[in-house]
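Hello,

Here is the structure we spoke of handing over. My notes follow below it.

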Amino acid sequence: PRHIGSYRTQPPPPPPPSRDQTTPMAAAASSLLAAAASSSSRAAISVRRPRAASAAAAAAASIPSSSRTSFTPLRASPARALRSRVVASAAPAMEPPAVSRVSTVVDVDLGDRSYPIYIGPGLLDEPDLLQRHVIGKRVLVVTNTTVAPLYLEKVTWALTHQNPNVSVESVILPDGEKYKDMDTLMKVFDKAVESRLDRRCTFVALGGGVIGDMCGFAAAAFLRGVNFIQIPTTLMAQVDSSVGGKTGINHPLGKNLIGAFYQPQCVLIDTETLNTLPDRELASGVAEVVKYGLIRDAPFFEWQEKNMAAILAREPSALTYAIKRSCENKAEVVAQDEKESGLRATLNLGHTFGHAIETGLGYGEWLHGEAVAAGTVRPVEYLIHLLIMTLSGFLIVVFCFRVGTTIGYGS
């Protein structure tokens, strides 16, 4: 996923069906997805725009209280025990904030493999959050050509601040879904081998969904498994792909066909990284946010209907709540069905058609969220058409029967 720089604008997903052809829930979903798609087509590059104080206050006021009494609560579980802190110096002169900026912590409850999701602004300026989850004396940061100029130096500082014992290596991959393949993955292994990393090293995924999936898969395979940390920098990755342990690469015949279930040590979501995200990428991530409301959280869906403009305008409190509630929903599902033997399959809403679109058109032609949005709306359209045809056929049969019966009586 891209953060800055120009790129070719691709066609948005097909328009959703009109409201009078769908159920209220489907119509509302179509409206939200269409609003996101419309926003993404307005600009190729986004910068954080000034927002009226009244709009921000209204959005903040509409966010439910922290108790979330209308939602299914997370099962309480302790976060994984703090890891040993060993990481290297030689970083820019920066100082961590005196007070933590973590807005919330969501636990993914997987027993002794449980891990926290930290959510808040400026978390990359808090070295302790990363350092407590680093194992060993060697760190490999996996990122791409778009994200590296923005955040690699800051992450290196966070990993090494007041920790002189460990060295940090980095590998910078080309950016884009079309590079999520075995050839690119080998660059991560090459760097790890050349750097003589051992089993007590830690991989750090710094980027969007492609980087997170590839770094996680590399961590699962290198020396039969090393530790890794997720630092997602796109909305898509923050609300979905960085949570739950799905890792992998694409095959020419299908998306994500090669991979592993492999959980990170933690997920660190610095919401300020969304300030450099293009509008199109932001709207792509909204498709996954809408998905949670459709499949399991009706109050969250209703909140989205009222606050979609604030999300697309990057209002901080609205974005933070959308990320938090999405992560809570996914954490609850993963805790019950980590390997997708039943319940977790519901998280694939829109992905059957979506993956077909991505594979058929070529990886990267449509963003993942655009394809998922189309994949969510299209089956509803097909179902409506099927129902209409079925009803029409039934009415025709009834009409012919009555006409035939009437003619029979008349003769």
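**The α8/α9 pair**

α8 and α9 run roughly antiparallel to each other, because the angle between them is about 160° and anything over 145 degrees counts as roughly antiparallel. Please keep in mind that this is a predicted model.

Helix α8 covers residues 279–295 and helix α9 covers residues 298–312, and their axes lie 8 Å apart. The crossing of α8 past α9 is left-handed. On the α8 side the contact is made by L282, V286, V289, V290, Y292, G293 and L294. These meet A298, F300, F301, Q304, M308, I311 and L312 of α9. Sorted by class, the contact between α8 and α9 holds 12 nonpolar residues, two polar ones and no charged ones.

**The chain as a whole**

The chain has 411 residues, of which 53% are buried. Its secondary structure consists of 12 helices and nine strands. Of the contacts with a separation of 6 or more, 80% are between residues 24 or more positions apart.

R199 sits in the loop that links α5 (182–194) to β5 (201–207). Is R199 buried or exposed? Its relative accessibility is 52%, so R199 counts as exposed, the cut-off being over 50%.

Neighbours within four places in sequence aside, R199 is in contact with L223, R224, V226 and N227. For V226, the C-alpha to C-alpha distance from R199 is 5.6 Å, at a sequence separation of 27 residues. A polar atom of the R199 side chain also lies 3.1 Å from the backbone oxygen of L223.

R224, one of the residues in contact with R199, belongs to the loop between α6 (209–221) and β6 (227–232). R224 counts as exposed because its relative accessibility is 77%.

**Positive phi angles**

Two residues may be worth a look when you go through the backbone torsions. R224 is not a glycine, yet its phi is positive, at about 65°. E340 is likewise not a glycine and has a positive phi, of about 60°.

E340 is located in the loop between α10 (316–336) and α11 (351–361). With a relative accessibility of 26%, E340 counts as partly exposed, since that class lies between the limits of 20% and 50%.

Regards

Conventions: Residues numbered from 1 in each chain as written. Predicted model: local features only at pLDDT ≥ 70, side-chain atom pairs only at ≥ 80, totals over all residues. Heavy atoms only, no water. Helix = DSSP H or I, 4+ residues; strand = E, 2+ residues; numbered from the N terminus. Buried < 20%, exposed > 50% of the residue type's maximum accessible area, 1.4 Å probe, protein only. Contact = heavy atoms within 4.5 Å. Polar contact = N/O pair within 3.5 Å; in protein donor to acceptor, adjacent residues only side chain to side chain. Axes fitted to C-alpha atoms, helices over the stretch in contact; angles between N-to-C directions. Parallel < 35°, antiparallel > 145°, perpendicular 65-115°, else oblique. Left-handed = near helix turned anticlockwise from the far one by under 90°. Nonpolar A, V, L, I, M, F, W, Y, C, P; charged D, E, K, R; others polar.
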